[in-house]
Amino acid sequence: MAPEMALGPVYTRSVDWWSTGMFLMQCMDRDFNKVKVPFSWDNIFGSGKEAFPQKVAEFIVEMQARRIAGEPVATDLMRKLLAPVAERLDVVGIMHHEFFHPLKLPFHDVEGEQVWSDHDVLRISPPWKPPVDGPNDLSMEGGSDVKGMELVPDAKPCGAPKLLVAGYTMARDGLFR
């Protein structure tokens, strides 16, 4: 949860970029499980709520100080996603960040912004494809119990490619209550 969601009733779409930064940090930082995240029920609504703004400020400072071992570019991206809202990257800043340069995605001009298209993004090959026997093969689920799980029909493509910025992501930030 982005700090501004817990601190007040008004926030922007940048909360999604905070969440993306937290997710990426958890995936890339092997020591992240040792971090004390302040977003607990007690800190937000209970006895700790008076000190909550200070705990959030300290957490942001801690996130800015973290380093992902051997990954200065990834560290820079995480810092810019886990920054205070006024300094946080937006979708265009993320697309242009050095972390994504190895993808070599072409940029397209949309309303004066240089952005990727869904068509190009969806053509990226994953670095590893698990060996599966069709869309209902659950053998890669790590030994989970698959008995009784409902099988789903084959997935179908959902519409023509469109630019990532055409909808939600690039709508100018309004305020949500």
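Predicted model: local features only at pLDDT ≥ 70, side-chain atom pairs only at ≥ 80, totals over all residues.
**Salt bridges, helix faces and the nonpolar core**

Arg 88 and Glu 4 form a salt bridge in which the closest N and O atoms are 2.7 Å apart. Arg 88 lies in the loop between helix 5 (72–81) and helix 6 (91–96), and Glu 4 lies in helix 1 (residues 3–7), so the pair ties together parts that are 84 residues apart in sequence. Arg 88 has a relative accessibility of 9%, and because the limit for a buried residue is under 20%, Arg 88 counts as buried. Glu 4, at 13% relative accessibility, counts as buried by that criterion.

The structure holds four salt bridges. Besides the Arg 88 and Glu 4 pair, these include a contact between the side chains of Arg 66 and Asp 29, with an N to O distance of 2.6 Å. This pair links distant parts of the chain, 37 residues apart: Arg 66 is in the loop between helix 4 (52–65) and helix 5, and Asp 29 is in the loop between helix 2 (14–28) and helix 3 (41–45). Arg 66 is buried, its relative accessible area being 17%. Asp 29 is also buried, at 6% relative accessibility. A further salt bridge joins Asp 31 to Lys 34, with the closest N and O atoms 3.4 Å apart. Here Asp 31 counts as partly exposed, at 35% relative accessibility, whereas Lys 34 counts as exposed, at 66%.

Helix 2 contains 15 residues, and the distance from its first C-alpha to its last is 21 Å, close to the 21 Å expected at 1.5 Å a residue. Its buried residues are Ser 14, Val 15, Trp 17, Trp 18, Gly 21, Met 22, Leu 24 and Met 25. The buried residues of helix 2 pack against helix 1, helix 4, helix 5 and helix 6.

For helix 4, the 14 residues should span 20 Å at 1.5 Å a residue, and the end C-alpha atoms are 20 Å apart, in agreement with that value. Phe 52, Val 56, Phe 59, Ile 60 and Met 63 are buried in this helix. These residues cover an arc of only 100 degrees around the axis, which puts them on the same side of helix 4. Val 61 and Ala 65 are exposed and are carried on the face of helix 4 turned away from its buried side.

A search of the whole structure finds four aromatic pairs. One of them is formed by Trp 18 and Phe 59, whose ring centres are 6.3 Å apart and whose planes lie at 50 degrees, so the pair is tilted. Trp 18 belongs to helix 2 and Phe 59 to helix 4, so the pair ties together parts that are 41 residues apart in sequence. Both partners are buried: the relative accessible area is 0% for Trp 18 and 2% for Phe 59. Phe 107 and Trp 116 form another tilted aromatic pair, with 6.3 Å centre to centre and 35 degrees between the planes. In this case Phe 107 counts as partly exposed, at 31% relative accessibility, while Trp 116 is buried, with a relative accessible area of 10%. Phe 107 and Trp 116 belong, together with Phe 99 and Phe 100, to one aromatic cluster.

The largest nonpolar core comprises 32 residues, of which Trp 18, Phe 39, Phe 59 and Leu 81 touch the most other members. Helix 2, helix 4, helix 5 and helix 6 are the elements that give two or more residues to this core. Helix 2 makes the greatest contribution, with six residues.

With residues up to four places away in sequence left out, Leu 81 touches Trp 17, Trp 18, Thr 20, Gly 21, Leu 24, Arg 88, Leu 89 and Ile 94. Among these contacts of Leu 81, Trp 17, Trp 18, Gly 21 and Leu 24 are buried residues of helix 2. Arg 88, also touched by Leu 81, is the residue that forms the salt bridge with Glu 4.

Note on methods:
Residues numbered from 1 in each chain as written. Heavy atoms only, no water. Helix = DSSP H or I, 4+ residues; strand = E, 2+ residues; numbered from the N terminus. Buried < 20%, exposed > 50% of the residue type's maximum accessible area, 1.4 Å probe, protein only. Expected span 1.5 Å × (residues − 1). Arc of directions from axis to C-beta. Phe/Tyr/Trp six-rings, centres within 6.5 Å; stacked < 30°, edge-to-face > 60°. Core = buried A, V, L, I, M, F, W, Y, C linked by side-chain atoms within 4.5 Å. Contact = heavy atoms within 4.5 Å.
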